[in-house]
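Please keep the sequence and the model in view while reading.

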Amino acid sequence: MERRTVGPLLPELPLQELECFAVLVGELHFRRTAERLGLSQGRVSQLIKRLESRIGAPVFRRTSRRVEPTALGRELAEQVVPAFERLREGYGSARARAATARPLRLGFQCAVYEPVARVIAGLPEGATQLVELPWADPFGHLARGEVDLAIVLAPCREPDLQVLMEFSRQPVHVAISAGQRLAGAGGTDGVSAEELAALPLIEPRGPAPAYWRQVNAPRRTPSGRELSYPAGAATIQEGLSMVAGTRRGLLLCERSTMYVQRPDLRFLPVPELEPTTLEVVQHERRPHRLAAEFVALLAGQVD
């Protein structure tokens, strides 16, 4: 018995040509249509000619001054234009639902800064899920697949982790208790390397790699003065609470000082230390579909 091959239920639809037609109906201008579609004018003309060839009759009249649909073109537009609007709405709705169902898990250290908050607000509601990362474990959650992107203090040199963006270069400050006075520190003018070397500091306590600690809890000042870290803390908030009740200090970036203001703390600049930066990092083998969009939006929010 001869087996019959079942063909498609509908003839193949020239979707690119129909989309071009739908845009040209609204614009009635080949250049503006090309700009909206990201095509050349020649490509737009080619697509319209191909559509007319498929249909078997012109759908536009073209003169040197204007473009207008023929009677057949107007009839086609009544069907095609609303259909493409419904397709766009359906695609956008499905994308928003998918984003909510599989949110971008975004890890952060210390605080969600204004540019990051604006990007989150610009994504579909529910598209992101925030996860606070330990101060002394910037990469563990990402390596274990517990977050999709991490915004952490630089540098990241971990195998399988990829830096997508670096931003927010910030001067370093030291937090001390409000009643503490450092010898030679002139009010809020800053702390010298010598003054910092005389201050016991609190370091991140956790599995952060040595190269990361060297940058964010340096053992020496650029002038060679040795720094001491007799105590450690798992989180910045824990460290700041220790600072408030002792005569110790904690190094953090200028932006962070705006988010951790307390009446029992002072923050003094340390101009001799290298500024810190933030990085957006992902796992090379587990990229999230919203990661590229997030980074592009963030790049538009920062200098």
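**Reading a strand and its core**

Q: In which strand is the place of Leu-149?
A: Leu-149 has its place in strand S5, where strands (E, at least two residues) and helices (H or I, at least four) are DSSP runs numbered from the N terminus. This is a predicted model, in which local features need pLDDT of at least 70, side-chain atom pairs count only at pLDDT 80 or more, and totals for chains, interfaces and linings use all residues. Residues are numbered from 1 along each chain as its sequence is written, and side-chain values use heavy atoms, with hydrogens and water left out.

Q: Is Leu-149 buried or exposed?
A: The word buried means under 20% relative accessible area, exposed means over 50%, and partly exposed lies in between (1.4 Å probe, protein chains only). Leu-149 counts as buried because its relative accessibility is 0%.

Q: Which residues is Leu-149 in contact with, leaving aside its neighbours within four places in sequence?
A: Contact means heavy atoms within 4.5 Å. With those neighbours left aside, the contacts of Leu-149 include Leu-104, Leu-142, Leu-164, Val-280 and Phe-294. Val-280 lies 131 residues from Leu-149 along the chain, and their C-alpha atoms are separated by 6.7 Å.

Q: How many residues are in the largest nonpolar core?
A: In soluble globular proteins, nonpolar side chains tend to be buried together. A nonpolar core is a set of buried Ala, Val, Leu, Ile, Met, Phe, Trp, Tyr and Cys residues joined through side-chain atoms within 4.5 Å. The largest one here has 50 residues, and Val-116, Ile-151 and Phe-167 are among those with the most contacts inside it. Strand S5 (residues 149-153) gives the largest share of this core, 5 residues. A second, separate core of 18 residues includes Leu-24, Val-67, Val-80 and Phe-84.

Q: Why does Pro-69 count as buried?
A: Pro-69 is buried because its relative accessible area is 15%. Pro-69 is in strand S2 (residues 67-69), and, leaving aside its neighbours within four places in sequence, Pro-69 is in contact with Leu-28, Val-59, Phe-60, Arg-61 and Arg-74.

Q: What is the radius of gyration of the protein chain?
A: The radius of gyration is taken over C-alpha atoms, and the globule rule is 2.2 Å times the number of residues to the power 0.38. The protein chain has 29 Å, whereas a compact globule of 303 residues would have a value near 19 Å. Along its principal axes, the C-alpha trace of the protein chain spans about 90 × 60 × 35 Å.
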